[in-house]
Structure formats: C-alpha cells, structure tokens
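Q: I am new to this structure and would like to learn how to read its features one at a time. Could you take me through them slowly?

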Amino acid sequence: MPRRIQTEVHSSVSRLLRGNYLQQPPAWYAPVLRNLPSLPPMHATVEREDILKQDKPFISGSRNTSKRKLPNWREDRKPQKIVYPVDKIRRQFYEDFPFESFRSRSLTESYQVSDDRYETLCASPNGWSSLKQLTINPQPEDAIKFCLHLHNNHNISLSLAYIHATNQFSALKAELEVQKQAAIEEAAAYGASFAPTEIERGYELEERFLNS
C-alpha cells in the first residue's frame with residue numbers, strides 16, 4: 001500500500017475489505033473509525049517583506065507620466081521558493097542518520113492527543129534545554145523539534161543548535177543501547193533463553209540447506 005495521510009488510511013482499508021483483498025480488518029481499524037483522525041495542520045503563511053510598495057508594477061492612468069521605459073516587473077520579481085527551517089533540519093538529519101528512516105516505530109500513543117508535549121515542555125518553568133527532558137528514547141522528530149527550539153528560543157545559530165541536538169540524540173541512543181545489552185546479559189546470567197533472531201534463523205536455514 002502506498003504512503004497516505006492519516007485521513008486516507010482507513011478509507012483505503014475499507015476498499016481493500018470490500019474487494020476481499022483483506023480477509024479481516026486490522027486491529028486498529030475499529031478504533032480509528034470511532035475516532036476519525038483530523039487533517040494535518042497547514043503551514044503558516046510566509047510574509048513577503050521583500051516586495052515593497054514602490055516595487056509594484058506601473059498602472060496605466062496613474063500620476064506616473066514618465067516616458068522612460070519601465071522594467072518588466074513580472075520578470076524581475078519571480079516568486080521565491082517557500083522554505084521552512086524545519087524542512088531544512090529534517091533533510092540534513094536524515095542525510096546524517098539515514099538508518100533512522102528504517103527503524104521501526106510504535107503507533108501506540110504515549111500521551112494525550114489533545115496535548116502537545118513539545119509546547120507543554122517549553123511552557124514549563126525550567127524550559128526545554130535538554131533532549132532528555134522529553135524522553136530517554138528520542139525519535140527523529142524529537143531531535144528535529146529540539147533543534148528548532150534551540151534556534152528560536154535560545155539565540156543559537158541553526159548549525160550550532162543542530163550540533164547540540166544531534167549530539168544529545170546520539171548520546172541518548174548509545175545510552176539506551178548499553179542498557180539493553182546489559183539487560184540481555186543479566187537475563188542470560190540468570191538462565192534466560194532467547195529465541196533466535198531472524199538473521200540467526202536465516203543462517204540456520206541456509207546451513208541446513210547446504211548440508212542436505
């Protein structure tokens with residue numbers, strides 16, 4: 001199924017169910033129908049301060065009776081590209097951390113839908129000065145929002161804010177990986193046994209096929 005926005009996912013699943021492509025609805029289908037997702041928020045409009053009143057094109061019948069050739073306003077004033085800082089940060093982040101786009105994501109909501117955890121943290125008395133204040137297992141969007149927050153609210157350049165955000169993101173991920181490895185070793189020391197991973201199962205099947 002191609003990627004779709006949240007308001008089209010349940011409609012696509014409904015069509016697949018009617019066409020018998022899916023034998024039974026997914027577990028999330030009924031809750032989503034009871035609580036339909038809202039449309040994604042639109043970006044705020046960008047003010048064009050570069051176009052001033054004196055730059056407006058010549059209007060026939062005005063008091064400007066000069067006979068000199070006026071410049072072609074439409075050719076000189078081409079529309080600028082709409083660029084948002086968060087898009088620039090996100091593009092650079094996934095260039096530096098491409099594997100994050102393949103990391104599995106949990107769709108379970110860990111906070112109330114009506115609350116914006118970023119705004120709640122920014123409005124707290126201590127403010128938002130560390131990525132660990134938000135979570136010990138940050139997601140890419142958390143680091144991107146944190147970088148934009150540092151740039152907008154702490155008078156830090158965008159490049160320096162990006163360095164701070166990515167360094168804290170990498171440190172938290174490394175800390176979480178060490179904790180996971182320590183937990184696995186501790187469980188193994190107490191006699192716990194783990195099922196083989198998909199890679200190990202692949203090796204076993206390959207070895208079994210070669211020996212047969």
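Q: How many aromatic pairs does the structure hold?

A: The model is a predicted one, and the structure in it holds seven aromatic pairs. In one of them, the rings of Phe93 and Phe169 have their centres 5.3 Å apart and their planes at 75°, and because planes over 60 degrees apart count as edge-to-face, that is the name this pair receives.

Q: At what angle do α4 and α7 pack, and how far apart are their axes?

A: Two packed helices are described by the angle between their axes and by the distance between the axes. Here α4 and α7 pack at an angle of about 45°, and their axes are 12 Å apart, which makes α4 oblique to α7. The crossing in which α4 passes α7 is right-handed.

Q: Which residues make this contact of α4 and α7?

A: From α4 come Lys88, Ile89, Gln92, Phe93 and Asp96, while α7 contributes Leu158, Tyr162, Thr166 and Phe169. Sorted by class, the residues of the contact of α4 with α7 are five nonpolar, two polar and two charged.

Q: At what angle do the axes of α4 and α6 cross?

A: The axes of helix α4 (residues 85-96) and helix α6 (residues 140-153) cross at roughly 130° and come within 10 Å, which makes α4 oblique to α6. The crossing of α4 and α6 is right-handed. On the α4 side, Pro85, Val86, Ile89, Arg90, Phe93 and Tyr94 meet Pro140, Glu141, Ala143, Ile144, Cys147 and Leu148 of α6. By class, the contact of α4 with α6 has ten nonpolar and two charged residues, and no polar ones.

Q: What can be read from α6 and α7 in the same way, beginning with the angle at which they pack?

A: For α6 and α7 the packing angle is about 145°, with the axes 8 Å apart, and α6 passes α7 in a right-handed crossing. Pro140, Ala143, Phe146, Cys147, Leu150 and His151 in α6 meet a group in α7 made up of Leu158, Ala161, Tyr162, His164, Ala165, Gln168 and Phe169. The residues of the contact of α6 with α7 divide into ten nonpolar and three polar, with no charged residue.

Q: Where is the place of Thr135, and which residues does Thr135 touch?

A: Thr135 has its place in the loop between α5 (117-122) and α6. A polar atom of the Thr135 side chain lies 3.0 Å from the backbone nitrogen of Asn137. Leaving aside residues up to four places away in sequence, Thr135 touches Asp142 and Leu172.

Conventions
Residues are numbered from 1 along each chain as its sequence is written. This is a predicted model: local features need pLDDT of at least 70, side-chain atom pairs count only at pLDDT 80 or more; totals for chains, interfaces and linings use all residues. Side-chain values use heavy atoms; hydrogens and water are left out. Axes are lines fitted to C-alpha atoms, for helices over the stretch in contact, and angles run from 0 to 180 degrees between N-to-C directions. Helices (H or I, at least four residues) and strands (E, at least two) are DSSP runs, numbered from the N terminus. Angles under 35 degrees count as roughly parallel, over 145 as roughly antiparallel, 65 to 115 as roughly perpendicular and the rest as oblique. A crossing is left-handed if the near helix is turned anticlockwise from the far one by less than a right angle, and right-handed if clockwise. Contact means heavy atoms within 4.5 Å. Ala, Val, Leu, Ile, Met, Phe, Trp, Tyr, Cys and Pro count as nonpolar, Asp, Glu, Lys and Arg as charged, and the others, Gly among them, as polar. A polar contact is a pair of N or O atoms within 3.5 Å; within protein, one must be able to donate a hydrogen and the other to accept it, and residues adjacent in sequence count only if both atoms are side-chain atoms. Rings of Phe, Tyr and Trp (its six-membered ring) pair if their centres lie within 6.5 Å; planes under 30 degrees apart count as stacked, over 60 as edge-to-face and the rest as tilted.
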